[in-house]
Amino acid sequence: MGVGMSSGRRRGIGVGGGRGPSSGMLPLLALQVLLEYGRAGASRPPVTAALIAANALVYLRPGALDAFLPPLSRVAFNPHLIIQYGDLTRFFLSAFYHLSETHFFYNMTSLLWKGIQLETSVGSVEFASMVAALLGLSQGITLLLSKGLLLFGNEAAYYDQYAVGFSGVLFGMKIVLNAWSDDYVFLHGMVIPAKYAAWAELLLIQAFIPGTSFIGHLGGILAGLTYLLLKRSYSGPDPLALLVSGIANVVSWPVKFAQRLLRPGRHQGSRVGRRASRETGRGMWRCSVCTYDNSPSADICEMCNSVREDRDVPPRQHLHAGGNGALSVDEVRRRRLQRFDR
């Protein structure tokens with residue numbers, strides 16, 4: 001939850017996606033993404049790229065999307081409207097809207113850095129599950145905090161506040177990323193443990209950037225802690241990860257099927273000599289004497305009768321398989337030539 005606004009400033013939200021005159025930060029963001037994903041050896045995490053692209057499309061609203069996407073005033077997170085009318089559009093979509101180019105730029109650069117590290121570490125499916133969980137948890141906890149403060153008589157400050165932005169999820173990602181870190185970070189002149197950096201950033205942002213949603217950022221931090229607690233207490237497979245994996249398999253199945261149709265020769269294979277192509281896979285062992293590739297079940301080389309080095313073969317079996325077990329250099333050379341002439 002990036003920028004928060006009181007109900008009295010609702011008109012300042014506007015009717016579009018919050019995009020004003022460009023300050024030149026969008027080309028800089030695009031350059032950062034291209035450099036990160038284009039450098040040699042880059043892992044190029046797809047979920048992180050998809051999240052940045054989704055946020056960019058919502059912010060820029062190109063072409064027909066401008067008429068299709070609801071205006072920012074329709075999706076801005078407001079606890080009162082969500083609870084009073086069950087407005088799930090505000091609950092889920094407010095995270096993908098940004099109020100200004102600066103707001104969008106800093107959130108996306110943060111997503112680029114945190115997303116690449118987390119997705120590379122845990123995998124794309126697990127990362128997608130994490131983002132979905134953090135989104136729901138951060139929005140839900142923010143809602144509960146706002147309602148709880150209302151019960152204590154603090155209505156104007158939080159319960160009727162409007163907020164948008166992805167930073168609630170980003171605060172949760174920061175908690176997960178630094179949970180087991182023993183490093184220290186330099187933050188505005190202070191050196192603090194990385195695991196407490198999110199808390200320090202919460203206070204600094206609130207002190208130096210007026211208008212930000214303190215309760216939205218706090219909800220993101222608590223969402224990260226809740227996510228870690230749930231992961232530690234549950235040892236089974238992640239149901240969200242299984243759901244994401246199933247959806248990915250269903251979506252990608254037509255593409256894989258088309259690839260199999262377009263490349264049938266890859267699966268038919270061909271026989272070379274007396275060995276089928278399917279026998280050259282995992283488990284084969286190569287004789288150190290004649291370099292012949294033998295089947296996994298064989299303990300004696302089928303070409304030169306040498307004993308497999310990583311197996312202990314009884315002498316009687318060795319003699320039965322290959323006579324005296326000793327071959328001359330000429331005999332090994334003759335059998336090798338015979339093997340390739342087949």
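## Helix packing, a pocket and a cavity

Visitor: At roughly what angle do the axes of H7 and H9 cross?
Guide: In this predicted model, the axes of H7 and H9 come within 10 Å of each other. The crossing of these two helices is left-handed, and the angle between their axes is roughly 35°.

Visitor: Which residues of H9 meet H7, and how does the contact divide by class?
Guide: From H7, the residues taking part are Asn107, Ser110, Leu111, Trp113, Lys114, Gly115, Gln117 and Leu118. By class, the contact of H7 with H9 has 7 nonpolar, 5 polar and 2 charged residues. On the side of H9, the residues that meet H7 are Ser167, Leu170, Met173, Lys174, Val176 and Leu177.

Visitor: Which element gives the largest share of the lining of the largest pocket?
Guide: The largest pocket has a volume of about 760 Å³, and the elements that give two or more residues to its lining are helix H7 (101-122), helix H9 (167-177), strand S3 (184-187) and helix H10 (197-208). The largest share of that lining amounts to 7 residues, and these come from H7.

Visitor: Which residues lie nearest the centre of the largest pocket?
Guide: The largest pocket is lined by 27 residues, which divide into 13 nonpolar, 11 polar and 3 charged. Those that lie nearest its centre are Tyr106, Asn107, Glu201, Ile205 and Ile209.

Visitor: Which residues line the largest cavity?
Guide: The structure holds 1 cavity of 30 Å³ or more, and the volume of the largest cavity is about 30 Å³. Its lining divides into 4 nonpolar, 1 polar and 3 charged residues. By name, the residues that line the largest cavity are Glu36, Tyr37, Arg39, Ala42, Ser43, Arg44, Pro45 and Ile116.

Visitor: Which residue with a positive phi follows H8?
Guide: After H8 comes a residue whose phi is positive, near 90°. The residue in question is Gly153.

Notes: Residues are numbered from 1 along each chain as its sequence is written. This is a predicted model: local features need pLDDT of at least 70, side-chain atom pairs count only at pLDDT 80 or more; totals for chains, interfaces and linings use all residues. Side-chain values use heavy atoms; hydrogens and water are left out. Helices (H or I, at least four residues) and strands (E, at least two) are DSSP runs, numbered from the N terminus. On a 1 Å grid over the protein atoms alone, a cavity is a set of points where a 1.4 Å probe fits but cannot get out, and a pocket is an open set with protein on both sides within 12 Å along at least five of seven lines; lining residues have an atom within 4 Å of a point. Grid points are joined across faces, edges and corners, and a volume is the space filled by probe spheres set on the points. Ala, Val, Leu, Ile, Met, Phe, Trp, Tyr, Cys and Pro count as nonpolar, Asp, Glu, Lys and Arg as charged, and the others, Gly among them, as polar. Axes are lines fitted to C-alpha atoms, for helices over the stretch in contact, and angles run from 0 to 180 degrees between N-to-C directions. A crossing is left-handed if the near helix is turned anticlockwise from the far one by less than a right angle, and right-handed if clockwise. Contact means heavy atoms within 4.5 Å.
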